[in-house]
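Reader: Could you take a close look at one part of this model for me, and show me how its neighbours fit around it? Please spell out your terms as you go.

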Amino acid sequence: MAAAASPATAPSSFPSTRKAPLLSFRASRKLRVSAAAASADPPPAFRSVTAFAPATVANLGPGFDFLGCAVADASLSLGDTVTATLDPTLPAGTVAISGITSPSHPRLAERLSRDPLRNCAGIAAVAALRALGVRSHGVSLSLAKGLPLGSGLGSSAASAAAAAKAVDALFGSLLPRDGLVLAGLESEKAVSGFHADNISPAILGGFVLVRSYEPFRLVQLPCPPALRLCFVLVTPEFEAPTSKMRAALPKNVALSHHTRNSSQAAALVAAVLQGDAALIGSAMSSDFIVEPTRAPLIPGMAAVKAAALEAGALGSTISGAGPTAVAVIEGEEKGEEVARRMVDAFLSVGKLKATATIAQLDRDGARVISTSRLE
């Protein structure tokens, strides 16, 4: 079933200041056609493009809905992959989903819709086609899910980011990176609400600060290349839907808690810029608003955090809405011991089996990993 991708004709609204030390994006929340594609229907550059987008850790403790970072492993299994292919059998300007696989999670693919308007990758692909102004070609998508659903690792954002990147590259990479973010955000908005702390790092890589939502502004936070920051990600066999975890949040916040969280979020940003791993961990562990309300909903979470810190982690918190617990370490030397202690705590206290992955900060975000030439 194909979804119509209505072409847009409005001019670009994605100016960016790329020369600033802190890369800042300002954009309208409404996705519009890019300047490069405003006057013409862009021709395809490839027959097919495969793109990868990494997992993300949102919130990072005190940064609820405005801080996030991208993480990946060397094999690129910690993320989603989308192949976008020109499909002459489809109506021009439309998207179809030809296949969904999930090698690491066999039953996951069965749960995902192939209706492009009900699938994260499909929604983002339609948005990207619209932004590009594509009117003469149909595109089919093949999605390979590397991330489980409801895990707190940005599963929906990874699908959306990879799809937006693949479709854009298929037609010559005309969209600016903030345009890709907005295409992905169309998907996030439809699936889990208007929050960009997953989709922004999934596309841009590294650490990203969502400065504001109205107007929509992003700031990339460069950290020193020498920083050897690693993330121990422990995911229990327990699903924590974002909607349920958001419903648990407090409606009112004490001024003292707001002040403490604000200072810790500011410290976290400063730590990233300075490359201070210890301060990153300390600030990440200091959320006084969101984590206290969500942790009791994830069996064993408090014990898992304590186990990580006792094993030598610099900090630990809930990744996104959970249930994944994340701990930060500098270098991989302590990774296996921290992971083992966290997995044991989930089992002994929460009665949940869990799996662990040691990942690195992913500085690249969504990227093309293969292409097929036009014949």
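Author: First, some naming: helices are DSSP runs of H or I with at least four residues, strands are runs of E with at least two, and both are numbered from the N terminus. This is a predicted model, in which local features need pLDDT of at least 70, side-chain atom pairs count only at pLDDT 80 or more, and totals for chains, interfaces and linings use all residues. Residues are numbered from 1 along each chain as its sequence is written, and side-chain values use heavy atoms, leaving out hydrogens and water.

L60 lies between β4 (48-58) and β5 (67-72), and has a positive phi of about 50 degrees despite not being a glycine. As a rule, most residues other than glycine have a negative phi, and most peptide bonds are trans. L60 is also buried, at 2% relative accessibility; buried means under 20% relative accessible area, exposed over 50%, and partly exposed in between, using a 1.4 Å probe on protein chains only.

Now for the part I'd zoom in on, helix α10 (residues 301-310). Its axis comes within 8 Å of that of α11 (residues 335-348), and the two cross at roughly 155 degrees. That makes α10 roughly antiparallel to α11. Axes here are lines fitted to C-alpha atoms, for helices over the stretch in contact, with angles running from 0 to 180 degrees between N-to-C directions. Under 35 degrees counts as roughly parallel, over 145 as roughly antiparallel, 65 to 115 as roughly perpendicular, and the rest as oblique.

Who touches whom? On the α10 side you have M301, A303, V304, A307, A308 and E310, meeting V338, R341, M342, A345 and F346 of α11; contact means heavy atoms within 4.5 Å. Sorted by class, this contact has 9 nonpolar residues, no polar ones and 2 charged. In that scheme Ala, Val, Leu, Ile, Met, Phe, Trp, Tyr, Cys and Pro are nonpolar, Asp, Glu, Lys and Arg are charged, and the others, Gly among them, are polar.

Next, look around the helix itself. M301, V304, K305, A307 and A308 of α10 are buried. They sit on the same side of α10, because they cover an arc of only 160 degrees around its axis, the arc being that of the directions from the helix axis to the C-beta atoms. Turned away from that side are the exposed residues A302 and E310. The buried set packs against α9 (291-294), β12 (315-318), β13 (325-330) and α11. Just past the helix, G312 takes a positive phi of about 110 degrees.

Follow the chain into β12 and you reach I318, which is buried at 5% relative accessible area. Beyond its neighbours within four places in sequence, I318 contacts A58, E291, R294, A295, I298, M301, T324 and V326. A295 is 23 residues from I318 in sequence, yet 7.5 Å from it in space, C-alpha to C-alpha.

The loop between β12 and β13 holds P323, and the peptide bond from G322 to P323 is cis, with omega near 10 degrees. K351 has a positive phi of about 60 degrees although it is not a glycine, and it is exposed at 64% relative accessible area.
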